[in-house]
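This report walks through a structure for a reader who is new to it. Please look over the sequence and the model before reading on.

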Amino acid sequence: MPVSRRSAGSRLKSARKKVRGTLWIKVDSERPQTDIIRIAAETIRKGGLVAFPTETVYGLGADALNPTAVAKIFTAKERPADNPIIVHVATKKDVYKLANDVPDVAEKLMTEFWPGPLTLILRRSSLVPDITVVGLDTIGIRMPSNKVALALIRESSVPIAAPSANLAGRPSPTTAQHVIEDLAGRIDVVLDAGPTSIGVESTVIDMTSSTPQILRPGGTPYEKLKSFLGEVELHPIAAANRRVGVLRARSPGMKHRHYAPRAEMIVVEGELDRIVGRIRQFTALYMAEGKKVGILATDESLSSYDADVVKALGSRNDAAGIAANLFRLLRELDKEKVDVIIAEGIAPQGLGLAVMNRLRIAANFNIIKV
Ligand code: TXA
Ligand code: MG
């Protein structure tokens, strides 16, 4: 039967299926269907877990004010118990319920950058359950711009606690398929609105210190925050190109292994000709040892390599394009069962800073400068 002749009922059925008990529902990214959002919101209100798209990565959501529901997030993800969860809101009013002593400059950031990929660390209020912020006196809050995310938060009428919807330590999910790979059977629902647009997580900025400090570079570039705020610090760990002591970790998440593919990984940074030369050398050495080698290359140098698997990150002049591809490619390389991943570094500017932060962490700071 031609697709156009199929009944509404069969179209609906083809748009939802169960995978190991997890309901996987397609939803329109521009005009999220009310009936679908209602199913997901009902699940949130009942204390269940719903994975949903944001503009950065897919999040694993629960009612932020329900400690039992938030506890399920930690179990489903196998998340370390000392890593606080970002709370997502659809209205600025909620910020003033969840946080105390919100500085004027934080209010200005919300007006300028929300909805969008910026998480503000503020003083928490007593409304927030301990487990959501793992007992800290601060809370991370953001208003996502994704229409499905906003509709879900509004319809749930509670703030939604949501870390990235991956198993702890794995690359963040940029598609519903990635969420299913990691969490099918562990969560109630995943709303599928296609691939996320930004592809790396939000920028986390601490507004409780005298000078705002970026704890994690992300979807909102450092340069934009700098020109808006005048003064902003980059936490040493956020900019690190080598391992930094965990005692200096302001954001508990900083000290855990992240974005990690199963293969050993190396990042080669420097001038492009030298990067290419060094990666070709490494490739030959590893292949001589009988190892399967995967390369993450930019478009400009893609054809220079002769490895088992070569993946295109995008143009080195388009960090945003690379950000959108990065986590998917790390997962694809895992599927190819490569033994070693060698990645080209790019300039740490704009979204390039977030890209390099994720690459370096994924490589466990196995960095070669050429
Ligand atoms: O784009 C994003 O931020 C995505 C989407 C789903 O919104 N979420 C996300 O969450 O990346 P997660 O849990 O994977 O990363 C949150 C980061 C962690 O490094 C955590 O330690 C930090 O934010 N964080 C959360 N609350 C904090 C707090 N109160 N103080 C310091 N760091 C905090
Ligand atoms: Mg995460």
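At what angle do helix H2 and helix H6 pack, and how far apart are their axes? Helix H2 (residues 34–45) and helix H6 (residues 147–156) pack at an angle of about 55°, and their axes are 8 Å apart.

## Basis of the report

This is a predicted model, in which local features need pLDDT of at least 70 and side-chain atom pairs count only at pLDDT 80 or more, while totals for chains, interfaces and linings use all residues. Residues are numbered from 1 along each chain as its sequence is written, chains are lettered from A and ligands numbered from 1 in the order in which they are written, and side-chain values use heavy atoms, with hydrogens and water left out.

## Helix packing

Two packed helices are described by the angle between their axes and the distance between the axes. Here the axes are lines fitted to C-alpha atoms, for helices over the stretch in contact, and angles run from 0 to 180 degrees between N-to-C directions; helices (H or I, at least four residues) and strands (E, at least two) are DSSP runs, numbered from the N terminus. Angles under 35 degrees count as roughly parallel, over 145 as roughly antiparallel, 65 to 115 as roughly perpendicular and the rest as oblique.

H2 and H6 are therefore oblique to each other. For helix H5 (residues 104–113) and helix H8 (residues 222–229), the axes come within 12 Å and cross at roughly 125°, so that H5 and H8 are oblique to each other. Helix H11 (residues 319–335) and helix H12 (residues 351–362) pack at an angle of about 25°, with axes 8 Å apart, and H11 and H12 are therefore roughly parallel to each other.

## The surroundings of ligand 1

Around ligand 1 there are 25 residues (a residue is near a molecule if one of its heavy atoms lies within 4 Å of it), and the closest are Thr56, Arg79, Asn83, His88 and Ser202. By class, this shell has 11 nonpolar, 10 polar and 4 charged residues, where Ala, Val, Leu, Ile, Met, Phe, Trp, Tyr, Cys and Pro count as nonpolar, Asp, Glu, Lys and Arg as charged, and the others, Gly among them, as polar. Strand S8 (138–142) and strand S12 (213–216) each supply at least two residues of the shell, and S8 gives the most, with 4 residues.

An oxygen atom of ligand 1 is 2.7 Å from an N or O atom in the side chain of Thr56, and an oxygen atom of the ligand is 2.6 Å from such an atom in the side chain of His88. A polar side-chain atom of Ser164 lies 3.0 Å from an oxygen atom of ligand 1.

## Two local backbone features

A cis peptide bond, with omega about -10°, joins Trp114 and Pro115, and Pro115 has its place in the loop between H5 and strand S7 (118–124). Glu78, a residue other than glycine, has a positive phi near 55°, and Glu78 is found in the loop between helix H3 (67–77) and strand S5 (87–88).

Note on methods
Polar contact = N/O pair within 3.5 Å; in protein donor to acceptor, adjacent residues only side chain to side chain.
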